[in-house]
Amino acid sequence: MRAGVASLLVGVLLGVLLGVVGGCAVAARPGEDLVVRPPTAFDVWVHDGQRARRAIVDPEAAGPEGAEVLRLVWSDPPPREGRDPGRELRWVFAGLEPPVSLRLPDGRTVAHPDPETASALAAALLVSPPDVDGVLAGLSRLHRCSTRGALLAQAAAAEGLHPTSLQALVGAVTVHRAHVALGPGPDAIPVGGEVAHALVPPLRALAARPELGPAEGKALLAASRELPRSADRAAVLLALIGAPLAPVDADDALTAAAGLEPAERRQLLLEVAARLPLTPAQAGRAIDAATTLRQEWTAEVLAALAGKADPAALRRAAGRLDEPHRTRALGGDAGG
């Protein structure tokens, strides 16, 4: 009997130490009271480059303009005694997507600072010419990739960009992205969120600019190859092909197409056939790429290549298709 009671006490103690009491998780630091975790709470993790920071927040209600209010239940590290909790805990915003507000232990409610900061930085784009350097210098004040991506896309689409500003923007999302678009945020905390959210919007906006040249196009294309999602890579490449000067080489476009998912590859090959000048060798590469698709898509691409590809090569590729795809490919019907 005593052994059973002792075992029960040990089990309860272990439950407390492991953070589970009566179904409610708890978090505790040595020498401090236990904190009961509400069942609706969730964790926010932020890596500061040396250690993982953790906060437990609990949704309370919708705040102004629909922004969710999250009550801070617990944090590691905690705010230091005698310091402003608002500043001490602003690292939490690197793990939260705006719009959202955080209710601090002292009762104050602090809105995610990114929207207001981004709006203030965007004012630099209203002057003539737009002050891109001011925007780039202010990126380190933003906590989230998505906020940076939206601001950079706004800068990339601004009218009247000075050529040096355009070069600076291209560098910010390509060769210098680790220190600019993806550089650390406030208090040197790494920027939070998905990398693609910081890069894809400005890459697409820059790719569509009418004055973009081949060198810049090659840099943007190289940066897009490192994006993990096929749809994001395709979006940048399609923007380059659709730009007024189409600053992308057909061979580079076809090489990039090989790494895309079939649906995006089909769309890209159709755009290459419609918009880019093709040598016979490049048209042959496009035919080869088309044969990796399902038959109805292959027929679409072959029809779009009529007049650019060697007719004999088109007939050979079409001959491997079933009817009615063969007829469509040779008849030049590129409809959807």
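## A tour of the cores and a helix pair

Start by selecting Leu220, Leu237, Leu240 and Leu305, the residues with the most contacts inside the largest nonpolar core, which has 74 residues. A nonpolar core here is a set of buried Ala, Val, Leu, Ile, Met, Phe, Trp, Tyr and Cys residues joined through side-chain atoms within 4.5 Å, and buried means under 20% relative accessible area (1.4 Å probe, protein chains only). Apart from this core lies another, of 16 residues, including Val46, Leu72, Val92 and Leu96.

Before you go on: this is a predicted model, where local features need pLDDT of at least 70 and side-chain atom pairs count only at pLDDT 80 or more, while totals for chains, interfaces and linings use all residues. Residues are numbered from 1 along each chain as its sequence is written, and side-chain values use heavy atoms, with hydrogens and water left out.

Now centre on Leu305. Leaving aside neighbours within four places in sequence, Leu305 is in contact (heavy atoms within 4.5 Å) with Ala273, Leu278, Ala283, Ala286, Ile287 and Leu314.

Next, select residues 195-207 and residues 230-242, which are helices α7 and α9; helices are DSSP runs (H or I, at least four residues), numbered from the N terminus. Their axes, lines fitted to C-alpha atoms over the stretch in contact, come within 8 Å and cross at roughly 15°. The two helices are therefore roughly parallel (angles under 35 degrees between N-to-C directions). Show the side chains of Ala196, Val200, Leu203, Arg204 and Ala207 on α7, and of Asp232, Ala235, Val236, Ala239 and Leu240 on α9, to see the residues that make the contact.

Last stop: Ser165, in helix α6 (residues 163-173). Ser165 is buried, at 10% relative accessible area. Beyond its neighbours within four places in sequence, Ser165 is in contact with Pro130 and Val132.

Notes. Axes are lines fitted to C-alpha atoms, for helices over the stretch in contact, and angles run from 0 to 180 degrees between N-to-C directions. Angles under 35 degrees count as roughly parallel, over 145 as roughly antiparallel, 65 to 115 as roughly perpendicular and the rest as oblique. Buried means under 20% relative accessible area, exposed over 50%, partly exposed in between (1.4 Å probe, protein chains only).
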